[in-house]
Amino acid sequence: MSDKAKSIASKKTSGQDERLKEVSKLRLLLNRPELGAVGGAILVFIFFGIVAGDTGMFSAYGTLNFLDVSANLGIIAIAAAMLMIGGEFDLSIGSMIGFAGICIAIPAIYWGWPLWVSIIFAFAMAILVGYFNGILVVRTGLPSFIVTLAMLFILRGATLAITRLITGRTQVPGLRVLIENDPIAWMFATDTFKWLFTWLGSMNLIALRTDGTPLATGIPPSVIWFIAATLFATWILMKTRYGNWIFASGGDKNGATNVGVPVGRVKISLFIGTAVAATIFATIQVLDAGSADTMRGNLKELEAIAAAVVGGCLLTGGYGSAIGAAFGALIFGTVSMGIFYTDVDTDWFKVFLGAMMLIAVVFNNYIRKRVTETK
Amino acid sequence: MTENLIEFNNISKFFGKVIALKDVTMKLKKGEIMCLLGDNGAGKSTLIKTLAGVHKPDEGEIVIEGKKTVFDSPKDALDMGIGTVYQDLALVPLMSVTRNFFMGREPLKGPPFLKTFDIEKANQIAAERMGQIGIDVRDPSQAVGTMSGGERQCLAISRAIYFGAKVLVLDEPTSALGVHQASMVLKYVVKAASQGLAVILITHNVHHAYPVGNSFTVLNRGKSLGTFNKKDISREELLGMMAGGEELDKLEVELEEMNRINN
């Protein structure tokens, strides 16, 4: 809420409108979509702080570990959240990750393309896939659930078939040597703030390897992309005209059309957004692992949607936040890594994931009723 | 006699073999409220969509401020100053008052290519505009879903006026409202007209239309039964002209019959 609006609201409090008294700060806070995810994240940190505080989970190395996992999921969760706010789903995110991976690896390894050309090629393919998803949904009026479910199978199948056809295998290794001196790859493969970790190491503040270099060498690229994506998405949603159109398109498609919002264009661009986010995810992972795998990204679309839902996005569209999705991803990343530091069997992770989602949906449903309740 | 602000001359619209509208004529001056009455299926919706530029009339002409005009799209109609408020109001309950008010037409600030939605200005205008109609939006960032039906209707009308409507087309603005809420909306409509707008009020409720209208056009099965000035026609006569009138007479007779038998 802007300062002006606050001042108007507070002016009224002191003024004539006695009804305003019910709107306490708590109530205003309760109406924020990301509240549940932020609260959930705090609870998760308290929990692991108690049960795993002395295990190294929260050492520099451990922290970067769970941040890396959260960040990777967060990149796609934020794009998925924006699309959900715009009123649609993308179930093809996971398949797009696998597809983008081989779009980078096969040209670079088998066709001799420079790595950066392959990366740009993968992004071009992502834009194409996203556009195709979007135009199909907008033109046919079919539920995006069905259209992108079809795309989930098509992309995964094509990834497997093409890779096996060209390489005879389902994995394409050998990328690591190409990263050096590449004009683009560093953006997806470089740890940053190394000086900070070296310094912390020299001060003996963080754990060192036997050769004296710090165990945690720098902030992984995923975390930088994740933070940038959160800020960018939040800026778009809260501060731009396009952001208002996203809310409007998801909130009431017909109403938005009637007042001149280009709903079709907005939705297509959001589908392109999820495909591009999947490709960022894929590029980081492929360059980190040095290989592409046809099964990479399997089921990631559901994790992304789950994080968006925990982050406060309504399944029906028109409501949610990028910050919420970021915290949703942080919860999943923290728990999936943190569970290794506890005595709990890791098999229980998915149980937690499901329970978390259920609680989030019930909570969000309650919030929506509050927000739209007639006085 | 001042010039008519808007004229619809002999408008007809066909959908295949179906005659949705036939030779409908309406004329409005500034400051005038014309009520368009008709029962379900009378062609009200088709007429609204023709006014709003969604349908192109197959026959007849639209004249605005003396100039013959063709609407190629809803945007054309908007640009010519026809502000249509549909029954669904084109409001998103989950979005704030401000975001709804400026939906699709957000004020921008900042350098080219980095223009942002000027929310402060938008909040201020929205609060101001709502204040003028006597709706105290306690906080323009509150969701529209928290507003009453009447307030929402007024918000939609206020938005149409703010964005330059000279002719307001209101589709059943009171149909879903209680008495108090309906009178609040009607009061606002009268106020808007007194400020120089022409208003076309579409309704099937004669009791809402009669107190505010200057003239009445009755549609029945796609045809206009004529336009009447208020002084020339009574509420009962209007009711009688709508298809529902005869039905109601019949109903009354039948009820009397039932009463007689029961007694």
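## Terms and model

Helices here are DSSP runs of H or I with at least four residues, and strands are runs of E with at least two, both numbered from the N terminus. Welcome to a predicted model, in which local features need pLDDT of at least 70, side-chain atom pairs count only at pLDDT 80 or more, and totals for chains, interfaces and linings use all residues. Residues are numbered from 1 along each chain as its sequence is written, while chains are lettered from A and ligands numbered from 1 in the order in which they are written.

## Helix pairs in chain A

Let's begin with helix 4 (residues 60-85) of chain A and helix 16 (residues 322-338) of chain A, whose axes come within 7 Å and cross at roughly 145°. Axes are lines fitted to C-alpha atoms, for helices over the stretch in contact, and angles run from 0 to 180 degrees between N-to-C directions. Residues in contact have C-beta atoms, placed from the backbone, within 7 Å. Among those making this contact are Leu73(A) and Ala77(A) of helix 4 of chain A, and Ala329(A) and Gly333(A) of helix 16 of chain A. By class, this contact has 14 nonpolar, eight polar and no charged residues. Here Ala, Val, Leu, Ile, Met, Phe, Trp, Tyr, Cys and Pro count as nonpolar, Asp, Glu, Lys and Arg as charged, and the others, including Gly, as polar.

Next come helix 6 (residues 115-140) of chain A and helix 7 (residues 144-167) of chain A, with axes that come within 9 Å and also cross at roughly 145°. Their contact includes Val129(A) from helix 6 and Met151(A) from helix 7, and its residues divide into six nonpolar, three polar and no charged.

Chain B has nine helices and 12 strands. Its C-alpha trace spans about 75 × 50 × 40 Å along the principal axes.

Leaving aside neighbours within four places in sequence, Ile200(B) touches residues including Leu28(B), Met34(B) and Leu168(B).

## An exposed residue

Ile50(A), in helix 3 (residues 35-52) of chain A, counts as exposed because it has 8 C-beta neighbours inside 10 Å.

Technical notes:
Contact = placed C-beta atoms within 7 Å. Buried ≥ 20, exposed ≤ 12 C-beta atoms within 10 Å, placed from the backbone.
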